[in-house]
Amino acid sequence: MNKFKYEKLFQFNKDNTKYMKLKTDPIKIKKIDGKEIIIITRNTIEKLAKEAFYNISHYLRQDHLKQISSIFKDKEASNNDKYVALTLLKNANVAAGGVLPMCQDTGTAIVLGKKGNFVWTNFDDEEFLSKGIWKAFKENNLRYSQLAPISMFEEVNTKTNLPAQIDIMSTEGNEYNFLFVAKGGGSANKTFFYQATPSVIRTKNIIKFIDPLIKNIGTAACPPYHLGIVIGGTSAEMNMKTLKLATCKYLDNIPKKGNSSGRAFRDLNMEEEIFDMTKKYGIGAQFGGKYFCHDVRVIRLPRHGASLPISIGVSCGADRQLKAIINKKGVFIEKLEKDPSKYLPKISVKELSSESVNIDLNQPMDKICRILSNLKIKTRVILTGTLIVARDIAHGKIKEKLDAKLKMPDYFKNHPIYYAGPAKTPKGLITGSFGPTTAGRMDSYVDLFQKHGGSKVMLAKGNRSKQVTDACKKYGGFYLGSIGGPGAELAKNNIKNVECIEYPELGMEAIWKIHVENFPAFIVIDDKGNDFFQSFGISN
Ligand code: SF4
């Protein structure tokens, strides 16, 4: 047996993050046994959480913006890659105005704290972090997305966006370090865990193993992605927590090599190999091209000899995370980019696509379908007119009506259905951020609804399963893909009227009638059984 030797699992090198000081109550310092103890007030913790969630809802990291902007300089990037990049940059600019959040799904609030043993808070830290989050969601135009289970099948929206996920760990020293994350549902849903057999690494079959798994993430979480992969781990939950941190770039400065004590490390070669692999998928930034990912992080962890946990996940188009530190000098939060306009290229939408078809949605559904039927999949369409907005719970309610032998509502037959749920409407505006949600969650309803004359044209984000392609072929339907991620831009420039028509008590899950102008989308599935994503071998 070897001698006892302690090493930290995660060994961080110098933190090069740029921080800015936050105005808060002064940090008090008390000396006990020659050690400086820092004393933090509840107001400070509350204010930090509030500011953190406001900031990540509106501003992005400079590096993320630089990566989007670099797509324009790449000759191998497709026009659709560039079109998505341009839309995301425009969206970042609208969001940076500080009124409309960058995405309508303002996420689950997640806080990781590392509290030094010389940091003193004379209260429950989780309570005051939660209070700050509550204030951020109450006082800003964010969306309440958390559902509380009353029983196994009955749920209500908490209307506070609480509870948050808060993990506070103990460490040494007199600093309190934080990572704040606002994780959207679509992004969280693209987190996968596998218990592989150790033979996968013994035979060096790892790339072969993860290739189809990465491809199957599809486009529902609004690529380009920051892709994370974690191989190994002392437990399943350790593996998955590491994954979250990897996608947040929190582990960027750990060692690049392992050692015999089992420290975690980044495998840069594998990161490059996997990044190259994703460029060749052809999926690109949502509608074909090279930019499925911005970058890849691969973290290798120690493991039990009989286990090989592997996880895969992403940080999405709304790359929302922020680090913070409280120390004796004060409270500091990561500096995000307040002026993303400097990353906007001098390029117009017209230069990126010669082919687009304007469609008036205020005409009978049969006519709309006839126009779409004459177009090829991947055609860019520009929509103007009425859309009905309905997502998960609304679909469940319509199904209940059909199950009770009631009729499909006319609005579901006469208008295209947009899967979405808006964020709060800011004072003086028509709507809050209002981008598409993941289409795949509504797949199981499509055959039934189309059979009853509804959902003939659907609009949302991401790829869909074969049952939708089959239903569209059988009933003459279409699925149009909207760019995922630009909720603020769509609210500001494309959505001109919003009216709640049923189930107002469901909040953002209510059924809405909206008027859109020049709303961009692509034909993804047509009435002949064609599916744009089929060619990439994504299976659901
Ligand atoms: S960018 Fe897309 S995946 Fe991310 S939170 Fe918004 S809708 Fe969800």
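The entries below go from the sheet as a whole to a single strand.

Entry 1. I noted before anything else that the model is predicted.

Entry 2. I looked up the strand order. The sheet is open and has five strands, in the order β10-β14-β11-β13-β12, and the pairing is mixed. The edges are β10 (192-196) and β12 (265-266), each of which pairs on one side only.

Entry 3. I checked what packs on this sheet. Helix α7, residues 206-215, does so, and it touches β10, β11 and β14. The direction of α7 makes about 40° with that of β14.

Entry 4. I then turned to the pairing of β14. How many bridges join β11 to β14? I found six between β11 (residues 225-233) and β14 (residues 308-315), and these two strands run antiparallel. Within this pair, H226 stands opposite S315, and G228 stands opposite G313.

Entry 5. I looked at the pairing with β10 as well. β10 and β14 are also antiparallel, with five bridges. One residue I looked up here was A196, whose bridge partner in β14 is L308.

Entry 6. I asked which way the residues of β14 point. L308, I310, I312 and V314 point one way, while P309, S311, G313 and S315 point the other way. All of them are buried.

Entry 7. Why is β14 largely enclosed by the rest of the structure? I wrote down the reason: eight of its eight residues are buried, so the strand counts as largely enclosed.

Note on methods: Residues are numbered from 1 along each chain as its sequence is written. This is a predicted model: local features need pLDDT of at least 70, side-chain atom pairs count only at pLDDT 80 or more; totals for chains, interfaces and linings use all residues. Two strands pair if DSSP finds at least two bridges between them. Helices (H or I, at least four residues) and strands (E, at least two) are DSSP runs, numbered from the N terminus. Two residues are in contact if their C-beta atoms, placed from the backbone, lie within 7 Å. Axes are lines fitted to C-alpha atoms, for helices over the stretch in contact, and angles run from 0 to 180 degrees between N-to-C directions. A residue is buried if 20 or more other C-beta atoms lie within 10 Å of its own, exposed if 12 or fewer, and partly exposed in between; C-beta atoms are placed from the backbone.
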